[in-house]
2 protein chains.
Amino acid sequence: MARVVVQVMPKSEILDPQGQAIVGALGRLGHPGITSVRQGKRFELEVDDTVDDDELQQIAESLLANTVIEDWVVVREDQS
Amino acid sequence: MARVVVQVMPKSEILDPQGQAIVGALGRLGHPGITSVRQGKRFELEVDDTVDDDELQQIAESLLANTVIEDWVVVREDQS
């Protein structure tokens, strides 16, 4: 069994209205030091030893991220 | 300026129907090796040097996470 994290974020050239709304709210609430926020997704997967890195990339690309507007990173956290 | 990441995940004792739906879909799509998925949020913040760790914790706790059902982690990524 291994713990795998998949991080999915909007591509840098894509507008992120959720993030912009958060920056605006933080400014109004007394936190002007936060100059940019981007909001994405984080998936924590438990995978068994039959799953190799190729399969994880395929899962992230085809099922967890929308590759038109999102970038993704697969990180294996530990092996136990 | 610094890059800060805030990870927000459903608490372990809270059901995560989104994650369960993803596990079910992965099984049907030929990926039975994925035994658990939990879906959370990832925020990438650009903060200036006036923002200290206490302010970041307060922002994460009061604005980015719903502390009734979610845990959060603040990670400073780099300093430039």
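Mentor: Copies of a chain are superposed by least squares on the C-alpha atoms of residues with pLDDT of at least 70 in both, where pLDDT is the predictor's confidence in each residue, from 0 to 100. This is a predicted model, in which local features need pLDDT of at least 70 and side-chain atom pairs count only at pLDDT 80 or more, while totals for chains, interfaces and linings use all residues. Residues are numbered from 1 along each chain as its sequence is written, chains are lettered from A in the order in which they are written, and side-chain values use heavy atoms, without hydrogens and water.

Trainee: What is the mean pLDDT of chain A?

Mentor: Where pLDDT is low, the predicted coordinates should not be read in detail. Chain A has a mean pLDDT of 94, with 98% of its residues at 70 or more. For the complex, the predictor gives an ipTM of 0.91 and a pTM of 0.92.

Trainee: Which rotation superposes chain B on chain A?

Mentor: Two copies of a chain are related by a rotation about an axis and a shift along it. Here the rotation is 180° and the shift along the axis 0.0 Å, with an RMSD of 0.0 Å. That is the relation of a two-fold axis. Within chain B, Lys41(B) has the C-alpha nearest the axis, 2.2 Å from it.

Trainee: How many residues of chain B are in contact with chain A?

Mentor: Contact means heavy atoms within 4.5 Å. By that criterion, 32 residues of chain B touch 32 residues of chain A. Buried area is the accessible area (1.4 Å probe) that two parts lose on being put together, summed over both. The two chains bury about 2,600 Å² between them, 62% of it on carbon and sulfur atoms. His31(B), Arg42(B) and Glu44(B) supply 21% of the area that chain B buries against chain A, more than any other three residues.

Trainee: Are Arg42(B) and Glu44(B) buried or exposed?

Mentor: Buried means under 20% relative accessible area, exposed over 50%, and partly exposed in between (1.4 Å probe, protein chains only). Arg42(B) is buried at 6%, and Glu44(B) is buried at 16%.
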